[in-house]
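Here is a short note to read beside the model. Keep the sequence at hand and look up each residue as it comes.

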Amino acid sequence: MKPTIDQTTFGSITIEGTAFAHDVMIRQSGQVKKRKKKLSKALYGTSHILSQDEAKYVYEKGTKRLIIGTGQYGNVRLSDEAAEYFQQKQCQVDLLPTPLAIQAWNEANGTVIGLFYVTC
């Protein structure tokens, strides 16, 4: 079941009443996991660019939509390789500042996963 995201503030996100003080991803099953930002930071020196390796980790077979909360100020983006990877998988990617991404997530239907940055 897709969990409801309650709110976000700089440095945290609250999902179904539980506060997380780190970036999170939400799987198709509804499981909330800590983001593996090292996959992107190792390549780019920053976690603000989503690498193809992280894209492969985030993606789940059958996913039609990925909602990415790009941070409180919208500083996160996809690398060209990550964008191409999602396109090959026919997975729509919505990049929105995290407060707007939460609204999109809570209204989303279908096979959707999420990745939410809590800073920047």
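1. **Contacts at Thr14.** Contact means heavy atoms within 4.5 Å. Leaving aside neighbours within four places in sequence, Thr14 is in contact with Ile5, Asp6, Gln7 and Ala19. Thr14 sits in strand β2, residues 12-15. Helices (H or I, at least four residues) and strands (E, at least two) are DSSP runs, numbered from the N terminus. Thr14 counts as buried because its relative accessibility is 13%. Buried means under 20% relative accessible area, exposed over 50%, and partly exposed in between (1.4 Å probe, protein chains only).

2. **What kind of model this is.** This is a predicted model, where local features need pLDDT of at least 70, side-chain atom pairs count only at pLDDT 80 or more, and totals for chains, interfaces and linings use all residues. Residues are numbered from 1 along each chain as its sequence is written, and side-chain values use heavy atoms, with hydrogens and water left out.

3. **The overall plan.** The protein has 4 helices and 10 strands. From the N terminus on, the order is β-β-β-β-β-α-β-α-β-β-α-β-α-β. The radius of gyration is 13 Å, close to the 14 Å that the globule rule gives for 120 residues, so the protein is as compact as a globular protein of that length. That radius is taken over C-alpha atoms, and the rule is 2.2 Å times the number of residues to the power 0.38. Along the principal axes, the C-alpha atoms fill a box of roughly 35 × 30 × 20 Å.

4. **Inside and surface.** How much of the protein is buried? Buried residues make up 46% of the 120. The accessible surface comes to about 6,300 Å², and 48% of it belongs to carbon and sulfur atoms. These areas come from the Shrake-Rupley method with a 1.4 Å probe; for residues, only the protein chains shown count as cover. Take the contacts between residues at least 6 apart in sequence: 68% of them join residues at least 24 apart.

5. **Ile5.** Find Ile5 in strand β1, residues 5-9. Ile5 counts as buried because its relative accessibility is 2%. Beyond four places in sequence, Ile5 is in contact with Ile13, Thr14, Ile15, Ile26, Ile102, Trp105, Asn106 and Phe116. Asp53 is another matter: 48 residues along the chain separate it from Ile5, and their C-alpha atoms are 26 Å apart.

6. **Phe20.** Strand β3, residues 18-20, holds Phe20. Is Phe20 buried or exposed? Phe20 is buried, because its relative accessible area is 19%. Not counting residues up to four places away in sequence, Phe20 touches Gly11, Ser12, Ile13, Ile15 and Val32. Phe20 and Thr8 lie 12 residues apart in sequence, and 9.4 Å separates their C-alpha atoms.

7. **Thr98.** Look next at helix α4, residues 98-107, where Thr98 lies. Thr98 is buried, because its relative accessible area is 0%. Its contacts beyond four places in sequence are Thr8, Gly69, Thr70, Gly71, Gln72, Phe116 and Tyr117. The Thr98 side chain reaches the backbone oxygen of Gly69 at 3.3 Å. A polar atom of that side chain also lies 2.7 Å from the backbone oxygen of Tyr117. From Thr98 to Phe10 the sequence gap is 88 residues, while the C-alpha distance is 9.7 Å.

8. **Glu60.** Which part of the chain holds Glu60? Glu60 is in the loop between α2 (52-58) and β7 (65-70). Glu60 counts as buried because its relative accessibility is 19%. Outside four places in sequence, Glu60 is in contact with Arg27, Gln28 and Ile113. A polar atom of the Glu60 side chain lies 2.7 Å from the backbone nitrogen of Gln28.

9. **Two residues with positive phi.** Glu16 is not a glycine, yet its phi is positive, about 50 degrees. Glu16 lies in the loop between β2 and β3. Glu16 is partly exposed, because its relative accessible area is 48%. Cys120 has a positive phi too, near 55 degrees. Cys120 is in the segment after β10 (112-117). At 17% relative accessibility, Cys120 counts as buried.

Notes:
A polar contact is a pair of N or O atoms within 3.5 Å; within protein, one must be able to donate a hydrogen and the other to accept it, and residues adjacent in sequence count only if both atoms are side-chain atoms.
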